[in-house]
Amino acid sequence: MDKKEIIQLRKVLHTLAEPSMQEYQTKALLMRWLKEHTDLHVVDRGKWFYAEYKKETEKKAIAFRGDFDAVLCQDGQARHLCGHDGHSSVLAAFAKELSDLSPDRSVYLIFQPGEETGEGGEICSSLIEEKGIQEIYAFHNIPGKKESEVLLLKNTFACASTGMELIFTGCPSHAAYPEQGKNPAMIIAEMIRYADQLVKEPHKGIVLATVIGVNLGSSSYGVSAEKGSLKFTLRGELQEEYDLLVRRIREKALMLAKEAEMDCQIRLIEEFPATENTPACVKKVQDAAEGLKLAFSYPEEPFRWSEDFGYYLQKTKGAMFGVGCGEKHPGLHTEQYEFNDEILGTVVELYKELVRGGKRCGNYWNYMRHSFESAE
């Protein structure tokens, strides 16, 4: 791997940061880079693309995914505060080494938009059935963990989640005669209490209902409110428990609105399925880490944030794993964050081991020691 070349690619991508499903320059740059630096077949799918190493064999096809969108910040600007510039750069570096690696099966590299909103994974996962992909892998960089430590979760890697907005509409009245109107305030209060009650029930995994905002009535003290909205973020470690949480809150809201003779509109925003790993594939990542003499660990609970890689895992076997980018590295989605280039080589080597399908104790430590000496 040409260290300077791939780091330069990552830094250029960092400056191009574009929001989800609007990654026009980012996609164009990555496609151009792959065509110039690899002999893989690059296929444009509109919002996304993939690179293909085709091998006529009965051995099952394998895929790797890298996302390339950026975080849309409160000021309306997109910035790479989650490391997707690094994720896609790793996949590009891996692509460059595939031909020399000469795998004995077909390999698909999926370059995905729209991870931050959950849209990209749902679209790109169509390639699983189309190409008969039997295994898929991806990684996420993890600040706060030792540099290049591999983080493994046998089942759920990242929680399912959705934003939910409940909009209740009644009718106004004079504030002196509230009984003549239909004020949604008590329904909203009851929904908050009910969601809190659901979360406190016994569960197998993490279940959360976080109140994001409440908007009710106006600034006129002479008018009883007629319309109000309640916003939750709902989250669950296990897909079945998450689905039940969403369904119960939806049903309760509709029931309360019907009883009060009010209108209720429900909107789900940025839905993410649980990223539920295949244990056998997690073991393969562990074997790869051991073969490279990398430190690895199993966190006690999944990451509470969400990842749309779960869409792929609903269709085939696979695993997402974490790679630490430093115990003192700034956190994801903070202004100080930038991807740690020191872990680029770590992930490329892991991907190579996963394609080989076995442990391979090589010159990894020597590789890592000298890999980035001249990068600056």
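**From single residues to the whole chain**

Tutor: H333 is partly exposed, with a relative accessible area of 42%. Buried means under 20% relative accessible area, exposed means over 50%, and partly exposed lies in between (1.4 Å probe, protein chains only). This is a predicted model, in which local features need pLDDT of at least 70 and side-chain atom pairs count only at pLDDT 80 or more, while totals for chains, interfaces and linings use all residues. Residues are numbered from 1 along each chain as its sequence is written, and side-chain values use heavy atoms, with hydrogens and water left out.

Student: Where is H333 found?

Tutor: H333 sits in the loop between β18 (317-324) and α10 (344-356). Helices (H or I, at least four residues) and strands (E, at least two) are DSSP runs, numbered from the N terminus. H333 also has a positive phi of about 65°, although it is not a glycine.

Student: What is the phi of S102?

Tutor: S102 is not a glycine, yet its phi is positive, at about 50°. S102 belongs to the loop between α3 and β6 (107-112). With a relative accessible area of 48%, S102 is partly exposed.

Student: Let us step back. How many helices and strands does the protein chain have?

Tutor: The protein chain has 11 helices and 18 strands. Its C-alpha atoms fill a box of roughly 80 × 40 × 40 Å, taken along the principal axes. Of its 376 residues, 55% count as buried.

Student: And which residues touch the most other members in the largest nonpolar core?

Tutor: That core has 54 residues, and F64, L109, F321 and Y351 touch the most other members. Helix α3 (residues 84-101) gives the largest share of this core, 8 residues. A nonpolar core is a set of buried Ala, Val, Leu, Ile, Met, Phe, Trp, Tyr and Cys residues joined through side-chain atoms within 4.5 Å. Apart from it lies another core, of 24 residues, among them M191, F232, I249 and A253.

Student: Why would such side chains be buried together?

Tutor: In soluble globular proteins, nonpolar side chains tend to be buried together.

Student: Back to F321, then. What is F321 in contact with?

Tutor: Leaving aside neighbours within four places in sequence, the contacts of F321 include F139, L152, F157, V285 and Y351. Contact means heavy atoms within 4.5 Å.

Student: You mentioned L152. Is L152 buried or exposed?

Tutor: L152 is buried, because its relative accessible area is 1%. L152 lies in the loop between β8 (150-151) and β9 (156-158). Beyond four places in sequence, L152 touches several residues, including V282, F296, Y298 and F321. L152 and Y298 are 146 residues apart along the chain, and their C-alpha atoms are separated by 4.9 Å.

Student: What about E149, which residues does it touch?

Tutor: Not counting residues up to four places away in sequence, E149 touches A295, F296, S297, G322, V323 and G324. The place of E149 is the loop between β7 (133-142) and β8. At 13% relative accessibility, E149 counts as buried. The C-alpha atoms of E149 and G326 are separated by 8.9 Å, although these residues are 177 apart along the chain.

Student: And where is the place of I206?

Tutor: I206 is in the loop between α6 (185-200) and β12 (207-216). I206 counts as buried because its relative accessibility is 12%. Its contacts beyond four places in sequence include C159, R235, P302 and R304.

Student: Now R45, please. Which residues is it in contact with?

Tutor: Leaving aside neighbours within four places in sequence, R45 is in contact with Y50, L127 and E130. R45 is found in the loop between β1 (41-44) and β2 (49-53). R45 counts as partly exposed, at 30% relative accessibility.

Student: Last topic: confidence. What is the mean pLDDT of the protein chain?

Tutor: The mean pLDDT is 94, and 95% of the residues reach 70 or more. The term pLDDT is the predictor's confidence in each residue, from 0 to 100.

Student: Over which residues does pLDDT stay under 50?

Tutor: It stays under 50 over residues 361-376, for which the model has 30 contacts beyond four places in sequence.
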